[in-house]
Amino acid sequence: MVDFSTRTTGSDVTVIKPEGRLNMAGASTLRKQLQGIVDGGSSRIVVDLSTTEFIDSSGLGALISGLKMARQVGGDLRIAATPQQVTTVLELTNLNRVLPSYATPDTAFDD
Amino acid sequence: MTERTLEVVTGPDTLAELQSTLDSVWATDHVSDYTRMCIDLAVSEIGTNIIEHSGNGQPMNLRMVVTLLPDSISVVLTDDGRPVAVDLSQTAMPGEWSDRGRGLAIAHRVLDELSYSRNDGGNRWMLMRRRSEESHGDG
């Protein structure tokens, strides 16, 4: 699977944008890339979900894994621009409590 | 009634093939967005479980039959893989810091019925969701 696009913002935040379906295959790609971002020394990560069509438990697992990795090195992982399907699945699993959604990737670390 | 059958040998495209079969069912009749989302999600979860556990990463024969009735949607998935140790009475949602183990809990939550049985040389999963929350021409 092709890697998802990433960019770095002026405030030292890495934004990753998964495209399509975050199921078994997509989640595996995301998990590896999040590991690579943290290993590369970035600990403030935004997952821009605006082009994510679908998420299931595999995709949620990748987000939680990335969140734990970022927190372990003193950073954070935040999600932004969450479509309806993703919001519904986060609510079903109660993960909206640990992964609240921010309106846009560029404002997710504004607090 | 609409019925669609898919027969595949499992591989990297299996989840996409399951989804295209569901999409072909959704194209035949009005089904609410929420009901479609529930079935798409449950099939992805059970399909992943089958590929990971029954197939252990190896190719096997998988058959899916989707039946759309006025009051329910059912999906039956059968495979010729190895037996799966599954206890559907234990499908509590894991803690929020777990990065695994939500698949069956999610499927259980979005379906009205979920069952697993082992028959001669194969596994059979039955998924059913009622359409009672839908009002026709709406949603």
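Select Thr67(B) to begin, and opposite this residue you will find Ser74(B) in strand E3 of chain B; strands here are DSSP runs of E with at least two residues, helices are DSSP runs of H or I with at least four, and both are numbered from the N terminus. What you are viewing is a predicted model, in which local features need pLDDT of at least 70 and side-chain atom pairs count only at pLDDT 80 or more, while totals for chains, interfaces and linings use all residues. Residues are numbered from 1 along each chain as its sequence is written, and chains are lettered from A and ligands numbered from 1 in the order in which they are written.

Next, select E2(B) and E3(B) together: they form a hairpin with 3 residues between them, and they pair in the antiparallel sense over 7 bridges, where two strands pair if DSSP finds at least two bridges between them.

Stay with E3(B), residues 72-79, and colour its two faces separately: Ile73(B), Val75(B), Leu77(B) and Asp79(B) make up the covered face, whereas Ser72(B), Ser74(B), Val76(B) and Thr78(B) make up the uncovered one. In a regular strand the side chains alternate between the two faces of the sheet.

From Leu77(B), step across to Trp125(B), which stands opposite in E5(B); E3(B) and E5(B) run antiparallel and are joined by 8 bridges. On E5(B), residues 122-130, the pairing with E4(B) is also antiparallel and has 7 bridges, and Arg124(B) there is the bridge partner of Ser117(B).

Now show the whole sheet of chain B, an open one whose 5 strands follow the order E1-E2-E3-E5-E4 with antiparallel pairing. Its edge strands, each pairing on one side only, are E1 (2-9) and E4 (113-119) of chain B.

Select H1(B) next, which lies across E1(B) and E2(B) and runs at about 165° to E1(B); axes are lines fitted to C-alpha atoms, for helices over the stretch in contact, and angles run from 0 to 180 degrees between N-to-C directions.

Then move to His30(B), in the loop between helix H1 (14-26) and helix H2 (33-54) of chain B. This residue counts as exposed because His30(B) has 10 C-beta neighbours inside 10 Å, the cut-off for exposed being 12 or fewer other C-beta atoms within 10 Å, with C-beta atoms placed from the backbone.

Finally, display both chains, whose contact takes 21 residues from chain A and 17 residues from chain B; residues are in contact if their C-beta atoms, placed from the backbone, lie within 7 Å. On the side of chain A that touches chain B, H2(A) gives the most, with 7 residues.

Terms used:
Buried ≥ 20, exposed ≤ 12 C-beta atoms within 10 Å, placed from the backbone. Contact = placed C-beta atoms within 7 Å.
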